[in-house]
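The sequence and the structure are shown first, and the account follows.

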Amino acid sequence: MTTQSTTAPRTMTWVGGADGYLRLIDQTKLPVEFVELECRSVEDVWQAIKQLSVRGAPAIGVAAAYGTVIGLQSAVGGTADEFDARRREVTDYLASSRPTAVNLFWALNRLNRLAETLGDLTPTQQLDRLLEEARAIEDEDREMCAAIGRHGAELLKDGTGVLTHCNAGGLATAGDGTALAVIFAAAAQGKTLQVFADETRPLLQGARLTTWELQQRGVPATLICDSMAGWAMKEGRIQAVITGADRIAANGDAANKIGTYSVALLAKAHGIPFYVAAPSSTFDLELPTGADIPIEQRDPAEVTHGFGRQTAPEGIGVYNPAFDVTPAELIEAIVTEHGLIRPVTTEQIAATLAAGASA
C-alpha cells in the first residue's frame, strides 16, 4: 500500500563516524519492495553504482564520496604514503563504475584535491577530514535541489500538464531532486499540476521510481509508455517537459537517459517548452559540445530479458546505450541552483556559472 507524505525516505544515509558505513535504498527493488543496502566496503559501493541500486548523477557523486571514505578505512593504520596510494587506488576504482555521469568524477576529484592539501595530517586525521567533505557534498546537493526547485517553479503555471522522463527526483539526489524538485516546489506553492511520467525503457525508471516518488508526495501523476508521449502532446495534455541531466557540455548539449532526445524533438514539433534541471556540478565545461560526452553501453540482457523475462529471440543483436544527448537548440532553459540559463548558449552558461561561483 502506498502512503503519502510531504517527504520521502532519504536516498542514502551515512551511519556512524569515520569508521561507519553507507546505507542506501536499493532502487532496483522499487516500487514493489523497500530494501536498504548496507555498503561496508568500497566494492559494495562500486557494485551499488554499477547495478543501479543508487543512480542519478548527483546521488552517484555523493555515494562515490562516501565510498572513498569507506575504501580508506583499512589504510588508517599505515604510513602517510600508503594511505595516499590507497586513496588513488580507491578513487580510480570508483571512477570505473559508470562513465557518463560527470558528478561521479567531480566528487572524486574534489576529494582528491582536498587530500593533496592534507599532507601534514595523520591518516586518521585525513580520513576524518575526507568524511567532513563527503558530508559537505551531500549537504550542498540538498541545498542545490531546493534552489533548483525555487528557480524552476516559476516555469510551471497552475493547471500545467508536465511530462518528465526517467527519474530526476529525490532518489537521484540527496534532496528533492532536480526535475522533480521543480514540480514539488510548484505544488508546494499551491499550483495544481498533472504530471505525466514516461515509463523509460528498458529499466523503467519512470514507471518504477518517478511514479513512486510522486505518489509518496501526493502529486497527481499518470504513467504512460514512452511511445505515447507524442500523442499526449498532440491531444493537448502536456504544456511543458522537464528532465534532469547526467552531463552538460559547455554549449548546453545535455546527456540524459536514453529517450530524452526523442522527447525533446516531440516537444519542439508541438511547440512545447523543453526544460532541463541540473546543478552546476553536472556541467562539464571541458567538453565544448555533447559530441564528446561518453555514452555508457549496457548489458544487452536489459533489453532481451527485461527483469528476468525473455522478450526477444536468442542471438538477436542489441544496441543498448544508456543515454542520449539533447542539443542545446532544443532546450528552452536550464534550471540551476544559480537561476535560469536562458537562452542556452555557451556564453550564457559561462556567465551564470561564473556568477554563481563568485556569489
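In which sense do strand β9 and β12 pair, and over how many bridges? The model is predicted, and in it β9 (residues 254–257) pairs with β12 in the antiparallel sense over 4 bridges.

## The four-stranded sheet

The pairing of β9 with β12 belongs to an open sheet of 4 strands, ordered β11-β8-β9-β12, in which the pairing is mixed. Its edge strands are β11 (283–284) and β12 (323–326), each of which pairs on one side only. Helix α9 (residues 260–269) packs on this sheet and touches β9 and β12; the direction of α9 makes about 35° with that of β12. At the level of residues, lysine 257 stands opposite phenylalanine 323 in β12.

## The seven-stranded sheet

A further open sheet contains 7 strands in the order β6-β5-β4-β7-β10-β13-β14, and its pairing is mixed. Because β6 (221–224) and β14 (339–341) stand at the edges with a single partner strand each, one side of each is left without a neighbour in the sheet. From one strand to the next, the twist averages 25°.

Strand β4 (residues 161–164) runs parallel to β7 (residues 240–243), to which 2 bridges join it; valine 162 has alanine 240 of β7 as its bridge partner. Strands β7 and β10 also run parallel and are joined by 3 bridges, with valine 276 in β10 as the bridge partner of threonine 243. Another 3 bridges join β10 to β13, again in parallel, and here tyrosine 275 stands opposite alanine 333 in β13.

## Side chains of β10

In a regular strand the side chains alternate between the two faces of the sheet. In β10, Phe274 and Val276 point one way, whereas Tyr275 and Ala277 point the other way. All four of these residues are buried.

## The α2–α5 helix pair

Two packed helices are described by the angle between their axes and the distance between the axes. For helix α2 (residues 57–72) and α5, the axes come within 9 Å and cross at roughly 170°. The crossing angle therefore makes α2 roughly antiparallel to α5.

On the α2 side, the contact is made by Pro58, Val62, Ala65, Tyr66, Val69 and Leu72. Helix α5 contributes Leu127, Leu130, Leu131, Ala134, Arg135, Ile137, Glu138 and Asp141. By class, this contact has 11 nonpolar and 3 charged residues, and no polar ones.

## Asparagine 320

The side chain of asparagine 320 makes a polar contact, at 3.1 Å, with the side chain of glutamate 302. Leaving aside residues up to four places away in sequence, asparagine 320 touches Pro202, Glu296, Gln297, Arg298, Asp299, Glu302 and Val303.

Methods:
Residues are numbered from 1 along each chain as its sequence is written. This is a predicted model: local features need pLDDT of at least 70, side-chain atom pairs count only at pLDDT 80 or more; totals for chains, interfaces and linings use all residues. Side-chain values use heavy atoms; hydrogens and water are left out. Two strands pair if DSSP finds at least two bridges between them. Axes are lines fitted to C-alpha atoms, for helices over the stretch in contact, and angles run from 0 to 180 degrees between N-to-C directions. Contact means heavy atoms within 4.5 Å. A polar contact is a pair of N or O atoms within 3.5 Å; within protein, one must be able to donate a hydrogen and the other to accept it, and residues adjacent in sequence count only if both atoms are side-chain atoms. Angles under 35 degrees count as roughly parallel, over 145 as roughly antiparallel, 65 to 115 as roughly perpendicular and the rest as oblique. Ala, Val, Leu, Ile, Met, Phe, Trp, Tyr, Cys and Pro count as nonpolar, Asp, Glu, Lys and Arg as charged, and the others, Gly among them, as polar. Buried means under 20% relative accessible area, exposed over 50%, partly exposed in between (1.4 Å probe, protein chains only).
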